[in-house]
Amino acid sequence: MTTVRWLRLGVAVGAAFAVAGAIAHAQAEKQPVYVGALACAECHEGHGTGNQYSHWLLSSHAKAWASLALPEAKEMARLSGITDVPEESPICLGCHATAADAEEWERVEGFRLEDGVQCEKCHGPGSEYMLVMGDPQAAMRAGLRKFTKRDCEVCHYVKGSHVAVHNTPKVDVDEAWERLSHPIPEGGAETPGSPLRAGSTEGLSDAGPHFTGTHTCGECHRGPMMGYQYSLWRLSPHARAYASLSTPAARQRAKEMGVDEAPQTSPACLRCHVTGGGRSVAALESFSPMEGVGCESCHGAGSEYSPEGVMRDPVAARKAGLLPLTEETCARCHEDAHGKGFDFEAASAAIAHPLASSGSADAGRNNGGGPRANGGSLVSAAHDVPESVLEAARYSPEALSGEERRAKVRASLEVEYKTPVNLAFTPDGGEVYVACESSGTVVVVDAKRRQKVAEIKVGGHAHDVAFGPEGRRAYVSNRLDDSVSVIDVAARRVVRTIPVGDEPHGLLTDRTGRTLFVANTAGDSVSVIDIESGEEKRRLPASRDPWSVSLSPGGERVLVTNALSRFVGFRRPSMSEVTVVGADGRIDDRWVVPGANLLMGVDWHPSGDYALVTLNRTKNLVPMTRILQGWTITNGIGLLWADGRVDQLLLDEPNHYFADVADVAFSPDGRTALVTSSGTDSVAVIDLEKLVALVRGAGDEERREVLPNHLGQSLAFVSAHVPTKNSPRGVTFAPDGHTAWVANALDDSLTVIDAEAWEPVARVDLGGPRVATHIRWGEQLFHSANIAFQRQFSCHTCHPDGHVDGLTYDIEPDGIGVSPVDNRTLRGIYDTDPFKWEGTNVSLARQCGARLAVFFTRIDPFTPGELQALNDYTVTVPRPPNRYRPLGAELTEAQRRGKRIFERAYANDGRELAPTERCVHCHFAPYYTDRTQHNVGTQHPLDREGVFDVPHLNNIYDSAPYLHNGIAPTLEEIWTRHNPYDRHGVTNDMTKDQLNDLIEYLKTL
């Protein structure tokens, strides 16, 4: 029996049934589906078609998905703020795989995402046109896409994240076009089809083990926990062994061996270039001989041992046919192959694919620092980093050359800090629990000894921590994971994880300990949780970006601050809100704070007469040139009286601003309040008696118009400024009132303040790395107000959590109101250049350097070395996962209809849309921007010009307002009010339902 006879298999039949089923679904949905490269190979393989399938197998495109397992890919992902492993990131998969954003039903059963960039990435889903490929015009009508060099550039433009890691040159698209071209030879249409589809399987026994195919093995043997074994195989020459037989070199070698037939049909060649070559073993439909030398070539046909229950038992697996790898196994093909020597030890090392050890850096740990896979375990030390890596990552104040900078960046990515942001005492005052954002942990500190005693893993980007009234449970918000971790305080372990809303920040329990309130910042809501059941009783609508919460002393009210202003009219001042939740867990009132934004910290006075909130008064309608007069960004507090009246006062002094007020806490005796300034690394000590006397002694007009804008008035009630370490955020008093404790986010420490002398008396080390890396230095610069004239603000002021402040600014020194621009998020900013709404800044260095100095800071903010560090930090700002569609999730019916609108080529009246009239023309995956500028008819009378940069659409639902000047508070208004002539896509023909569907789909990007 010849090898070719068994190689026919049942793959063609199985693929035919799978394609037929998917096509039936597609026709019902009126949408083609992806069939996969193997289905294309049914016709596009063999000499008659130019060995097109083999040509693809030998290309980098076929290895694109597998390359995401390489260490370099992980570095690029971390450098881009991607918090998932690359193989699970929509951004990475957008260029490294085909149909990654498609639903399951849009891919036939035999389709493999792991095939990387395959035929349908360029030619479109093939279920319809593959049936009429003999007629080019019919195929085009059925969806066959004729791709262009622009399509190549969609993925192959120069990406800063990639250059920073491997510094490869720009892809020469013209050269690549020629190298990857795969025309059908003249006359080739007469002999189409794969050479491995010929022959008969007659005589093969169905008894015994069957080949399952390497893809079956890869279902389990993938990802960091399994050492990326499947990916390593796909990157190896073994995966291309069959395809290599199509090359001129293979044909020449076969000729020298006396083989007359084509190598891909020769038993002599297939014996070593195809799994099971030369042996009569049957195969399942999941197997394809064109996969080359797969797992079963070495380990035996796997149908019996591949079930997980068998593989987990080594003895049972061996009994079921799992073969060990020996030198003899390899020697059968490699010993003296084509006159080459064979070194078993060297060859084994080259293809080694051990399971990942449980302590490896990748195992069970996501790139963003949130250890979701093994949350709740007790850890005793920081992520171990070799001393050599720490030294290589250490910041250098001088500017670095390209290679030096790349080395600093790559080393910095290996270093994990703590970044403490909030803290709370246990009710008995014995311990302090500290929520640490970067490590996704809670650090436990012995309050008496002022030493770290434990560390508990929770979720991604731990933000706040609170205790139940009896102190048996602690609650930690995880803003990356949209969850709350419940910690058993005695056992120091996570005992439950409660799902909440989007990006939770502040949280607390009521006085009974039966209800938990959680502020969902990205969800503009407050989750009310029944603690006993862990169920969400209701979700309350807050204002925009609810941030912190505070319970009144009597327990009858919960105050919720909101960081962003309500939506206001175009060129109207901010109007912020404190949401008041009643004891019944429902909205009781909404207190308005006019002219203010970034309401973050909040605390009730022990008397219950009033509360304090931290705030900014950003006069964004005034040209930024007025920074010199101190008019643009001022920092202060709001005094919220129990009856709902609000007073505002500044904490700034002339020439001594108090930038980025972050948190507030009252002393137990009610005489003092502390307010942190993360921009100036200090804490303000407020004499409350003097503060209240000042406010009550002022008239109504003075309280309304003068006090909120009076620089220097703080001299009357701020009794001291206490220095801390880098970027103080959360602050709290010890229960006895003798000390106050501050979380220094960018020093991985706590500052302990004597509450009588008002001096720092101790620094508590939380166990972070001992050095400041290049990227950490950039993070410190980003959060420091030293960059601005009179220290009025920092980069963080406009970009809290690396995001937006929701304001439109008048930046240019060209008169009041001319060319106002909407603030844009920094999340996911890398590889979306150029920058600025007009697209005039080609790099972040220009955006954050000269431009910042001229139009914002009014001083030269950064040395060349500092600017490099700042830029390299900025691009690492984490991007949260899309809340409307996790990777691989099915679309809702509305989202599915919206996707068709987004990708449509025809208007409702049947008119074919020009490419530039289609949404997807400018907004294509994975960033949904073409990185160029267009005039889409949105020029406003106040604008100097109408050509604007195309923004990326990732997580667009979370960055309102929209358009270059922030004139559209909602996505709907972009097209209902600001696209009258269909210049921003053809939308006027849409029904209301169609537009709603489009919006629902946009939210999934």
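Residues 24 or more positions apart make up 59% of the chain's contacts with a separation of 6 or more; a contact means heavy atoms within 4.5 Å. This is a predicted model, in which local features need pLDDT of at least 70, side-chain atom pairs count only at pLDDT 80 or more, and totals for chains, interfaces and linings use all residues. Residues are numbered from 1 along each chain as its sequence is written, and side-chain values use heavy atoms, with hydrogens and water left out.

Start with the whole chain. Its secondary structure comes to 34 helices and 33 strands. These are DSSP runs, numbered from the N terminus: helices are H or I with at least four residues, strands E with at least two. The radius of gyration, taken over C-alpha atoms, is 31 Å, close to the 30 Å of the globule rule for 1005 residues, so the chain is as compact as a globular protein of that length. That rule is 2.2 Å times the number of residues to the power 0.38. Along the principal axes, the C-alpha trace spans about 105 × 65 × 55 Å. Of the 1005 residues, 57% count as buried. Buried means under 20% relative accessible area, exposed over 50%, and partly exposed in between, with a 1.4 Å probe and protein chains only.

Now look at some helices. Helix α16 (residues 267–273) holds alanine 268. Alanine 268 counts as partly exposed, at 42% relative accessibility. Helix α23 (residues 402–412) has the buried residues Arg406, Lys408, Val409, Ala411 and Ser412. They pack against α5 (71–79), α10 (160–166), α22 (387–393), α26 (774–782) and α30 (864–874).

Strands β16 (residues 575–582) and β17 (residues 587–594) run antiparallel, joined by seven bridges. Two strands pair if DSSP finds at least two bridges between them. Valine 580 has aspartate 589 in β17 as its bridge partner. Four residues separate the two strands, and glycine 585 in the turn has a positive phi of about 75 degrees.

The loops hold some exceptions. Most residues other than glycine have a negative phi, and most peptide bonds are trans. The bond from aspartate 833 to proline 834 is cis, with omega near 5 degrees. Proline 834 sits in the loop between β31 (821–822) and α28 (844–848). The bond from alanine 925 to proline 926 is also cis, with omega near 5 degrees. Proline 926 lies in the loop between α32 (919–922) and β32 (933–934). Arginine 931 is in the loop between α32 and β32 too. Its phi is positive, near 60 degrees, and arginine 931 is buried at 19% relative accessibility.
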